[in-house]
Amino acid sequence: MSNQLNDEQGTKFRLLHAAQALYVEHGYEAMSLRMIAGLAQANPALVSYYFGNKEALMRELITAQLDRLNRERLLLLAACERHGGEAAISAAAILGALIIPVLRMRHDGAEEHARIRLLLRAYGESSPVIRGYLKASHRAIAPRFFKAFTRALPALPRRELGVSVRLGLNALAGVMAGANLSELACAICMGEPVSDALVATRLLVFVSPILTTPLHDRQRDREVEQVVQQVLAVAEAADPDTGTGSLPADGSKLPRAGKTPIDRALFDTVAEARPPARSRELEAVTASAFDEVALAAAPSAVRAGWLV
């Protein structure tokens, strides 16, 4: 009986391992049960016996990894909050609790490398089946993280905060989805020595303004709208179906988009339309946030005093 149980567990493990390898390489739609059974050197009927179908197999494979990642994220968020005491931790620190558990997988051997490739592939997946697993996983931790964001950004109305958080997390997922994490880390460190601290800081600098910049700012919106109108006018001029198909060198005969005339100076000063206080203030917030998260993510011997 014991040998039979071990054989069954071994076969199921091989099927899951084969499914993971094929999914990372080909994606959900392109892989088949026959391919999984072939790579696992198992009878195709055993896939149906253990899992029922491909969808159920992938649910077990992906949700197990997402559940583990969620536990790590929730633990880190709680640790950051305990370390912060009564004060609310910053939005950047909350984002750090989402990012750092993923970054730390880079250091944990071949098994964790395979795990992170699976998760990054899932975040870049277009299949509604996989997207459904991701949404279910997000719903499991969303209330806890949204509560933390609400404390960190009390001035934002809940509806606006919800939109900002969703945009920020989608942007973060888009950057990381399908990426080789080591290559991404090297790229965003821009020639500096690669470290989790620097990678997390650059990612937080990228995403944090999405959360903290108000969605409603009439002056800013007018400035950006002017730029958008100019780009639309240029696009019309360059479109062979609607315009001349070529752009004059001096811009003097460019058509108008709506009632907004072409102002080439706007193209030279687009940066002025960006939200204010994105540099020194954000660097200070990000540095402080990373200190909070780095301490929370420290080895157990260091954090033992406040994790329990």
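Colleague: Does Q41 count as buried or exposed, and at what relative accessibility?

Modeller: Q41 counts as exposed, because its relative accessibility is 72%. The cut-offs are these: buried is under 20% relative accessible area, exposed is over 50%, and partly exposed lies in between (1.4 Å probe, protein chains only). Q41 sits in the loop between α2 and α3 (44-51). Its phi is positive, about 55°, although Q41 is not a glycine.

A word on the model. It is predicted, so local features need pLDDT of at least 70, side-chain atom pairs count only at pLDDT 80 or more, and totals for chains, interfaces and linings use all residues. Residues are numbered from 1 along each chain as its sequence is written, and side-chain values use heavy atoms, with hydrogens and water left out. pLDDT is the predictor's confidence in each residue, on a scale from 0 to 100.

The mean pLDDT is 76, and 72% of residues reach 70 or more. Helix α2 (residues 33-40) has the highest mean among the elements, 92. Helix α14 (residues 300-307) has the lowest, 33. Residues 1-5 stay under 50 and have zero contacts beyond four places in sequence. Residues 254-262 also stay under 50, but the model gives them 21 such contacts. A contact means heavy atoms within 4.5 Å.

M190 also has a positive phi. The value is near 50°, in a residue other than glycine. M190 lies in the loop between α9 (181-188) and α10. M190 is exposed because its relative accessible area is 66%.

Now the fold. The protein chain has 14 helices and zero strands. Helices (H or I, at least four residues) and strands (E, at least two) are DSSP runs, numbered from the N terminus. Of the 308 residues, 39% count as buried. Take contacts between residues at least 6 apart in sequence: 70% of them join residues at least 24 apart. The accessible surface comes to about 17,500 Å², with 55% of it on carbon and sulfur atoms. That area comes from the Shrake-Rupley method with a 1.4 Å probe.

S208 belongs to helix α10 (residues 196-212). S208 counts as buried because its relative accessibility is 3%. Its side chain reaches the backbone oxygen of L204 at 2.7 Å. R220 is in helix α11 (residues 218-238). R220 is buried, with a relative accessible area of 12%. A polar atom of the R220 side chain lies 2.6 Å from the backbone oxygen of P214.

Last, the largest pocket. It holds about 870 Å³ of space. Of its 29 lining residues, Y123, H138, R166, L169 and N170 are the closest to its centre. The helices α4 (54-84), α5 (91-103), α6 (109-123), α7 (128-152) and α8 (158-176) each supply at least two lining residues. α7 gives the most, with ten. A pocket here is an open set of points on a 1 Å grid over the protein atoms alone, where a 1.4 Å probe fits, with protein on both sides within 12 Å along at least five of seven lines; lining residues have an atom within 4 Å of a point.

How values were computed:
Polar contact = N/O pair within 3.5 Å; in protein donor to acceptor, adjacent residues only side chain to side chain. Points joined across faces, edges and corners; volume = space filled by probe spheres on them.
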